[in-house]
Amino acid sequence: MMNILTAMMIALTCLFATPQVQRQSDADSWKITSDEVREGVRYVTAVPGGGVCSRRIEIEISVKSRTVRNCRFVGGCPGNTAGVCALLKGMKVADAVERLEGIPCGGKDTSCPDQLARVLKSLKW
């Protein structure tokens with residue numbers, strides 16, 4: 001009986017295990033779909049990768065102060081993503097990246113906040 005259970009556990013582990021290399025490339029698969037500046041505000045929209053729950057991230061950044069004015073996640077855990085965005089308002093982009101970068105979620109090596117950090121980090125000034 002123990003051999004059958006062991007074999008089943010090994011089979012399930014192999015079935016659901018994802019190699020680190022594949023997970024990393026998924027985490028880097030986000031894409032900026034729009035990036036424009038109007039009246040001193042940079043508006044960035046991105047589609048996250050890495051298998052996170054959110055489908056879109058919308059970010060407003062003050063060009064002069066390089067602070068987050070607003071952000072919004074479409075999809076994902078509504079309370080958590082709204083909380084992240086509320087905490088980021090007025091924060092320097094560099095500080096937001098430092099705080100959010102590398103946060104995992106649900107066994108993945110990325111998360112909605114990590115995807116936001118990756119997008120912010122990629123922006124050229």
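Trainee: Which cysteine does a disulfide join to Cys71?

Mentor: A disulfide is a covalent bond between the sulfur atoms of two cysteines. The working criterion is a pair of cysteine sulfur atoms within 2.5 Å. Here a disulfide joins Cys71 to Cys85, with an S to S distance of 2.2 Å. The pair ties together distant parts of the chain, since Cys71 lies in strand S4 and Cys85 in helix H3, 14 residues apart; helices (H or I, at least four residues) and strands (E, at least two) are DSSP runs, numbered from the N terminus. This is a predicted model, in which local features need pLDDT of at least 70 and side-chain atom pairs count only at pLDDT 80 or more, while totals for chains, interfaces and linings use all residues. Residues are numbered from 1 along each chain as its sequence is written, and side-chain values use heavy atoms, with hydrogens and water left out.

Trainee: Is Cys85 buried or exposed?

Mentor: Buried means under 20% relative accessible area, exposed over 50%, and partly exposed in between, with a 1.4 Å probe and protein chains only. Cys85 has 4% relative accessibility and therefore counts as buried, and Cys71, at 6%, counts as buried too. Cys53, by contrast, is in no disulfide, the nearest cysteine sulfur being that of Cys77, 5.4 Å away, and Cys53 counts as exposed because its relative accessibility is 51%.

Trainee: How many bridges pair S3 with strand S4?

Mentor: Two strands pair if DSSP finds at least two bridges between them. S3 and S4 (residues 67-75) pair in the antiparallel sense over eight bridges, and Glu60 stands opposite Asn70 in S4. The two strands form a hairpin with four residues between them, and Arg66 in that turn has a positive phi of about 55°. Strand S2 (residues 41-47) is joined to S3 (residues 54-62) by six bridges, again antiparallel.

Trainee: What volume does the largest pocket have?

Mentor: Rolling a probe the size of a water molecule over the atoms shows where empty space is left. On a 1 Å grid over the protein atoms alone, using a 1.4 Å probe, a pocket is an open set of points with protein on both sides within 12 Å along at least five of seven lines, and lining residues have an atom within 4 Å of a point. The largest pocket has a volume of about 160 Å³, and of its 14 lining residues, those closest to the centre are Cys77, Asn80, Cys105, Cys112 and Pro113.

Notes
Points joined across faces, edges and corners; volume = space filled by probe spheres on them.
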